[in-house]
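This briefing is for a reader new to the structure shown below.

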Amino acid sequence: MITTFIWLAIVAALAVYVIILYNGLVALKHGVAKAWSNIDVLLKQRHDELPKLVETCKQYMQFERDTLEKIMAARAAANAAREKGDVKGVGEAESAMRLGLGNIIATVEAYPDLKANQSIQQLLARITGLENAIADRREFYNESVNLNNVRIEQFPDVIVARLFGFRAAELLVFSEEQKKDVDLRALFRA
């Protein structure tokens with residue numbers, strides 16, 4: 001009878017140990033999935049936001065360029081009309097120039113720090129921030145994968161891993177093409 005209790009205690013201890021190993025492997029597997037999900041979110045953000053940010057900068061730069069071109073054209077028209085003595089032409093040109101300047105002043109008053117240069121700096125900062133976040137998450141993911149892969153190959157975890165079908169996960173490795181800097185000139189030309 002004592003022998004039976006000893007064997008039952010050994011079997012119970014072994015069962016508890018297998019359960020602990022199994023739960024540890026499950027936690028690692030879900031840690032890998034969570035780490036990938038974090039990378040996936042950042043990649044989607046980059047995919048969704050980068051074109052929007054570039055387009056926003058292009059639109060602002062276009063507004064500024066159009067406004068300045070209109071002001072310069074109005075200024076040239078005002079000078080030409082003044083040289084000809086065309087009062088009506090000067091009035092129209094000055095009105096156009098005043099309207100353009102009013103647009104710039106209203107924009108600056110509403111957004112005093114708004115400048116094309118800052119828009120580009122913000123775009124670059126956002127791109128850099130996303131790329132740094134992706135690199136950080138990639139490092140965390142690869143560490144999670146490494147912990148998972150080492151653990152399912154270690155004894156005695158390998159027995160439980162094979163018994164319950166735990167598989168090695170793949171490291172996230174970017175190709176040389178994906179590691180290259182983003183060609184912002186191409187994005188702005190698009």
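Arg 151 is partly exposed, because its relative accessible area of 23% falls between the 20% limit for buried and the 50% limit for exposed residues. The model is a predicted one. Arg 151 takes part in a salt bridge with Asp 157, where the closest N and O atoms are 2.2 Å apart.

**The charged pair**

- Side chains of opposite charge can pair when their charged atoms come close.
- How many salt bridges does the count come to? The count comes to 1 salt bridge, and Asp 157 forms a salt bridge with Arg 151.
- The side chains of Asp 157 and Arg 151 also make a polar contact, at 2.2 Å.
- Asp 157 is located in helix α4, which covers residues 157-164.
- Is Asp 157 buried or exposed? Asp 157 counts as buried because its relative accessibility is 5%, and the limit for buried is under 20%.
- Leaving out residues up to four places away in sequence, Asp 157 touches Leu 21, Leu 25 and Arg 151.

- Leu 130 belongs to helix α3, which spans residues 116-153.
- With a relative accessible area of 3%, Leu 130 is buried.
- Which residues is Leu 130 in contact with, once neighbours within four places in sequence are left aside? They are Leu 42, Gln 45 and Arg 46.
- Leu 130 and Arg 46 are 84 residues apart along the chain, yet 6.5 Å separates their C-alpha atoms.

**Nonpolar cores**

- In soluble globular proteins, nonpolar side chains tend to be buried together.
- The largest nonpolar core has 9 residues: Val 32, Ala 35, Ile 39, Leu 42, Leu 43, Ile 134, Tyr 141, Val 145 and Leu 172.
- Two or more residues of this core are given by each of the elements α1 and α3.
- Helix α1 supplies the largest share of this core, 5 residues.
- Another core lies apart from this one and has 6 residues, including Leu 21, Val 160, Ala 161 and Phe 166.
- Leu 42 is part of the largest core and is also in contact with Leu 130. Leu 21, from the other core, is touched by Asp 157.

**A nonpolar patch on the surface**

- Which residues form a nonpolar patch on the surface? Ile 2, Ile 6, Trp 7 and Ile 10 do, and together they have about 460 Å² of accessible area.
- Ile 2 sits in helix α1, which runs over residues 2-84.
- Ile 2 is exposed because its relative accessible area is 65%, and exposed means over 50%.

**The protein as a whole**

- The protein has 6 helices and 0 strands, and from the N terminus its elements run α-α-α-α-α-α.
- Of the 190 residues in the protein, 23% are buried.
- Among contacts with a separation of 6 or more, 80% are between residues 24 or more positions apart.
- The protein exposes about 13,700 Å², and 60% of this area is supplied by carbon and sulfur atoms.

Terms used: Residues numbered from 1 in each chain as written. Predicted model: local features only at pLDDT ≥ 70, side-chain atom pairs only at ≥ 80, totals over all residues. Heavy atoms only, no water. Patch = residues over 30% accessible without salt bridge, like charges linked within 9 Å, V, L, I, M, F, W, Y side chains within 5 Å. Areas by Shrake-Rupley, 256 points an atom, 1.4 Å probe, with all protein chains shown as cover. Salt bridge = Lys/Arg side-chain N within 4 Å of Asp/Glu carboxyl O. Helix = DSSP H or I, 4+ residues; strand = E, 2+ residues; numbered from the N terminus. Buried < 20%, exposed > 50% of the residue type's maximum accessible area, 1.4 Å probe, protein only. Polar contact = N/O pair within 3.5 Å; in protein donor to acceptor, adjacent residues only side chain to side chain. Contact = heavy atoms within 4.5 Å. Core = buried A, V, L, I, M, F, W, Y, C linked by side-chain atoms within 4.5 Å.
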